[in-house]
Amino acid sequence: MSRAFNFCAGPAALPEEVLAQAAAEMLDYQGRGLSVMEMSHRSSDYVAIAETAEQDLRDLLGIGDDYAVLFLQGGASQQFAMVPMNLMGNQGVADYINTGQWSAKAIKEARRFGDVNVVASSEDTRFTTVPPQASWQLSDNAAYVHYTPNETIGGVEYSFIPETRAPLVADFSSSILSRPLDVSRFGLIYAGAQKNIGPAGICVVIVRRDLLGRAGPGVPTMLDYRTHAENDSMYNTPPTYSWYLAGLVFKWLKAQGGLVAMEQTNRRKAEKLYGYIDGSGFYSNPVEPISRSWMNVPFVLADDSLDKRFLAEADAAGLLNLKGHRSVGGMRASIYNAVPEAAVDALIAFMKDFAQRHG
C-alpha cells in the first residue's frame, strides 16, 4: 500500500508507526480478546492506558504535580467558553490578544461571560504579524490573559511567551509538542488533539491546581475543571479510543528523542519550505518572517488562476490537502510532527516543477 503525504491542518497526519500499532491491536488489545473501543473506561486495563498516557505527556512537557492534566471532550472550541466560566471569577474581566480567526472566536465566546479587553490586535495588518508586547495595554484587574500562540489559518506564530501578572492562558492546539515548552509560565494551556496529539475527539487541558475551584455556582458540573481533576477525567465516559491513540503518539514522540529532537526536525522542515517560497519568485508568503508559523505555512501563487490546477496536480502526485482555508484562499501546508521531512522535500520538488512549467 502506498500512502500519500498529508498536509491537512486537521484532522492531520498521524505517525505511521502509531497507525500500524493501532491496526494490530484493533481486534485484540494485548491478548485481552477485545478492542480498546470495547473496554470499560473503569477497567484496570483501560485505567492503565489512561494513566500511562498522562505520565508520558507529563514527561514530554515537564509538567509538575502542581498542574492537573485533563483529557476532555468538546475540542478547543469548548474551551473558549470553559476558560471564562472557570477563571473570570469575581473580577469578570479578562485580557485577550487578537491575532487571527481562532483568537477572535475565543474573544467572541468570552464576551458571553464577562468583560473582554482586547489589549492588542493585528487586524490592521490582516493578521500577518504579532503585536509586540510593548504595545499591549494590559488591564490591572484582569483575571487572566489569553492568547493563541499559533494561528492555524493565517500561519502566524508568536516568537515569545508573553510576560503577564495575571495567569497566562494559551490555545496551543496547533503547536503543542512541536518543541520544548516551559509549562510553568502558564496558568492554563489547552489544545485540541487533531493536529499534534492524536485524532479528533479529545482535548488536553493543563491547568495549575490553584486555579481550580473558581467556577461560580451556576457553572454546569461537566464544565467545571475541578470536576474533571477530581475524577481523573472520568466523571463521565471519556473518548477512550482517542485517548488511547494520543497515548501511542506520546510514546512515539519519546522514541523520536522527545521534544528537543522534534524541535530540530520541525525547524529544519519550516526553514526549507519558507526558504524555497521566498526565493522562488513564483510563490509568496504574506506573514512577517519573525511571526511565521513552523506548523502551518500558507502561500499564494503569482497567478491565482492557476490555483485549481496546482491543487489537482498536487493531489495526483500524492500531496494532499494543500488548499488554503476558505477565508484566506491560496494554499497551506501544515507540517506537524507526523509529517516527515520527506514530505516537505517532495512538496518543494513539486512546487519547483510546477513553477518551471507555468512561470
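## Close-up views of a predicted model

View 1. UniProt positions follow the numbering used here, feature names are shortened, and annotations may be inferred rather than shown by experiment. This is a predicted model, in which local features need pLDDT of at least 70 and side-chain atom pairs count only at pLDDT 80 or more, while totals for chains, interfaces and linings use all residues. Residues are numbered from 1 along each chain as its sequence is written, and side-chain values use heavy atoms, with hydrogens and water left out. Lys195 lies in the loop between β9 (188–192) and β10 (203–208); strands (E, at least two residues) and helices (H or I, at least four) are DSSP runs numbered from the N terminus. Lys195 counts as buried because its relative accessibility is 13%, where buried means under 20% relative accessible area, exposed over 50% and partly exposed in between (1.4 Å probe, protein chains only). The side chain of Lys195 reaches the backbone oxygen of Ala9 at 2.9 Å. Beyond its neighbours within four places in sequence, Lys195 has contacts that include Thr152, Ser173, Ser174 and Tyr336, a contact being heavy atoms within 4.5 Å.

**View 2. Arg42, where UniProt places the feature "binding site" (unreviewed entry).** Arg42 is found in the loop between α1 (16–24) and α2 (44–61), and it counts as exposed because its relative accessibility is 52%. When neighbours within four places in sequence are left aside, Arg42 is in contact with Val47, Met234 and Tyr235.

**View 3. Strand β14 (residues 331–334), covered on both faces.** Met331 and Ala333 on one side, and Arg332 and Ser334 on the other, are all buried. In a regular strand the side chains alternate between the two faces of the sheet. Strand β12 (residues 296–301) runs antiparallel to β14 and is joined to it by four bridges, with Pro298 standing opposite Arg332; strands pair if DSSP finds at least two bridges between them.

**View 4. The largest nonpolar core, which has 56 residues.** Such a core is a set of buried Ala, Val, Leu, Ile, Met, Phe, Trp, Tyr and Cys residues joined through side-chain atoms within 4.5 Å. Helix α6 (residues 240–255) gives the most to this core, with ten residues. Ile197 is one of the residues with the most contacts inside the core, and, not counting residues up to four places away in sequence, Ile197 touches residues including Leu177, Val204 and Phe250.

Notes
A polar contact is a pair of N or O atoms within 3.5 Å; within protein, one must be able to donate a hydrogen and the other to accept it, and residues adjacent in sequence count only if both atoms are side-chain atoms.
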